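Morning, everyone. Let's take a quick walk through one chain. Have a look at the sequence and the model first.

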Amino acid sequence: MSTNGKKSRMAEETLQILKKFIDEKGGIVKKEEFAALAVDYRRILEFVESGDLIRIKNGYYTDRIDRFSENELIARLFPDTRLCMESALYAYGYISQKPYAWHLAVDKNTSKSRFKMDYPKVIPYYTEPDVLELGSATIEMDGITHQIYDRERTICDCLKYEGKMEHEVFKEGIQSYIRDDEKDISVLMGYARERKVVSKVQSLIGVWL
């Protein structure tokens with residue numbers, strides 16, 4: 001066997017070991033986890049360059065990007081965040097158009113480099129740790145569980161950051177909440193005091209109640 005042929009066979013064997021490891025880890029592996037295989041990291045980068053492995057974002061790898069939906073990737077990569085703003089409105093069925101990006105609330109002390117990725121598009125909202133927990137809930141979307149802000153916290157945040165939203169999206173979200181039989185106005189007012197949007201709740205929502 002030629003030297004090139006031997007190198008090719010060794011590279012293929014290494015690739016299969018990496019793919020098997022990725023599969024055992026559920027499809028996504030962090031850079032530091034590869035250390036358990038004693039594979040030169042430069043070889044991993046070569047596989048990324050050749051397209052045999054995929055770098056999802058800095059420090060995270062998979063073998064096939066099509067094995068995950070956007071929904072799954074967000075849940076796997078950002079388990080400590082909460083769906084908020086337009087993403088939460090969409091999850092509750094308050095708006096009909098799916099947002100072009102995932103809106104995620106996260107502890108302000110987290111590394112900003114975590115969100116530097118081309119797919120899926122992510123818009124982080126850096127939040128004080130104690131505020132991050134306010135109104136935290138869970139929701140299941142297509143069989144995937146996400147942390148999310150409850151309806152009332154979501155509406156208060158939309159009122160607080162109305163200027164960052166498209167007017168029609170904001171209007172649709174608020175009107176949908178008003179029609180929602182599951183809304184809890186006493187909870188909404190509690191959050192409104194915390195988020196300092198009491199007057200906006202009274203003027204934009206109170207008139208419809």
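One convention before the helices: a crossing is left-handed if the near helix is turned anticlockwise from the far one by less than a right angle, and right-handed if clockwise. Now the ground rules. This is a predicted model, where local features need pLDDT of at least 70, side-chain atom pairs count only at pLDDT 80 or more, and totals for chains, interfaces and linings use all residues. Residues are numbered from 1 along each chain as its sequence is written, and side-chain values use heavy atoms, without hydrogens and water.

Start with a helix pair. Helix H6 covers residues 151–160, and H7 covers residues 167–179. Helices here are DSSP runs of H or I, at least four residues, strands are runs of E, at least two, and both are numbered from the N terminus. The axes of H6 and H7 come within 11 Å and cross at roughly 145°. Those axes are lines fitted to C-alpha atoms, for helices over the stretch in contact, with angles from 0 to 180 degrees between N-to-C directions. The handedness of the H6–H7 crossing is left.

Who touches whom? From H6 come Arg151, Glu152, Ile155, Cys158 and Leu159; from H7, Phe170, Gly173, Ile174 and Tyr177. Contact means heavy atoms within 4.5 Å. By class, that contact has six nonpolar, one polar and two charged residues. For the classes, Ala, Val, Leu, Ile, Met, Phe, Trp, Tyr, Cys and Pro are nonpolar, Asp, Glu, Lys and Arg are charged, and the others, Gly among them, are polar.

How many residues of H6 are buried? Nine of its ten. Buried means under 20% relative accessible area, exposed over 50%, partly exposed in between, with a 1.4 Å probe and protein chains only. The cover over those H6 residues includes H7, helix H4 (85–91), helix H5 (129–133) and strand E8 (144–149).

On to the core. A nonpolar core is a set of buried Ala, Val, Leu, Ile, Met, Phe, Trp, Tyr and Cys residues joined through side-chain atoms within 4.5 Å. The largest one has 46 residues; among those touching the most other members are Leu77, Phe78, Leu104, Ile155 and Leu159. H7 gives the largest share, five residues. Another core lies apart, with twelve residues, including Phe21, Ile22, Val29 and Phe34.

Stay with leucine 104. Beyond four places in sequence, its contacts include Ile74, Phe78, Leu83, Phe115 and Val122. Leucine 104 in E5 stands opposite leucine 83. Strand E5 (residues 102–107) has five of its six residues buried. E5 pairs with strand E6 (residues 122–127) in the parallel sense, over six bridges. Pairing requires at least two bridges found by DSSP. Strand E4 (residues 82–83) runs antiparallel to E5, joined by two bridges.

A separate topic: the open sheet of three strands. Its order is E1-E3-E2, with antiparallel pairing. Strands E1 (29–30) and E2 (54–57) are at the edges with a single partner strand each, so one side of each has no neighbour in the sheet. In E3, tyrosine 60 is the bridge partner of lysine 30.

Last stop, helix H1. Threonine 14 sits in H1. Is threonine 14 buried or exposed? Buried, at 18% relative accessibility. Leaving aside neighbours within four places, threonine 14 contacts Val39, Arg43 and Phe47. Arginine 9 is also in H1 (residues 3–24). Arginine 9 is partly exposed, at 43%.
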